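Hello,

Here is the structure I promised to pass on to you. Have a look at it first, and then read my notes below.

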Amino acid sequence: MLRHAGWVWAVKGCYHPEGYAVALPRLVNGVKVKTLKEGMRLVRERFPQYLRFVEEIGFEVPLVPLKESEVLNPFEVKPRGVLRDFLTFFKDAGVTGSYLYAGNGTDMDVLSLSEENVETLRNLRRAGLTSPLFHYSKGEVEGLLETDFAILKAYRLTEGTYMGIPYTFKIVRCEDPSPASGLTRVRGEVVITQSVKPYSLPLKYLGRLDGEEVTVTSYRSRYSELPPGTKLYVEGTVIRRREFLDLDLDLAEEVRILELGSWSELSLSSSQV
């Protein structure tokens, strides 16, 4: 996260041009910005000069200058209480969200670079030490229908509650960027055939759209842990990349669950994590 121009910004994605961070407003005049749409609106109104096309990303993003920003390091936070106890279960885990920029909060936002923590999350859920998360703010709902948003949230290992406190656990495992050569608008049914990286960002699934193989990607936790066999209706954009066709759900106008695959298949496909 960053402090810049009096706002708190959340750093997004893995690729950042030299001297800049791809970031969106998170806290503006004491008010949390909860959706991508609202964040982009604020940037267009207040910092339109930050919006630039980045070939490695494939579309226009806000580039915040690092030399004019304070970088907030998730791994330098010294947590207390329940948050400290929760972190002791995990490897290479830091703190983001309000605990990072304000020193307190009502929920726990954890960031890690280790996929080994997926198995720890699974064991904590099996042991009853964490519980599914059934409540949410309507302001969070974006992209998905509210019913789909709620169903997926309740099934995730990377979201839940510990000692009655909600947590979000983001695991980041970046990959080398693949330059984009164009965008194509699409609309139709996508079948997830393989959950390649369902727990770590960027999320990656293999799928089929109109008989053509696509790689379904996202940097947003709301699309995590989709099991194989899941069918989605998507109105969105395919980015033509050098090695693959990238159906980026973060650019979609609508994502609707038509049918959920088997959660047991997701566990099997991720058993080597």
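**Notes on a residue and a hairpin**

Gln194 counts as partly exposed because its relative accessibility is 41%; here, buried means under 20% relative accessible area, exposed over 50%, and partly exposed in between (1.4 Å probe, protein chains only). Before going on, please note that this is a predicted model, in which local features need pLDDT of at least 70, side-chain atom pairs count only at pLDDT 80 or more, and totals for chains, interfaces and linings use all residues. Residues are numbered from 1 along each chain as its sequence is written, and side-chain values use heavy atoms, with hydrogens and water left out.

You will find Gln194 in strand 13 (residues 180-197); strands (E, at least two residues) are DSSP runs, numbered from the N terminus. Which residues does Gln194 touch, leaving aside its neighbours within four places in sequence? Gln194 is in contact with Tyr205 and Leu206, where contact means heavy atoms within 4.5 Å.

Now for strand 11 (residues 159-162). Glu159 and Thr161 point one way from this strand, Gly160 and Tyr162 point the other way, and all are buried. Strand 11 pairs with strand 10 (residues 130-131) in the antiparallel sense over two bridges; two strands pair if DSSP finds at least two bridges between them. Thr161 is the bridge partner of Ser131.

Strand 11 also runs antiparallel to strand 12 (residues 165-172), joined by four bridges. Here Tyr167 in strand 12 is the bridge partner of Gly160. Strands 11 and 12 form a hairpin with two residues between them, and Met163 in the turn has a positive phi of about 55 degrees.

Best wishes
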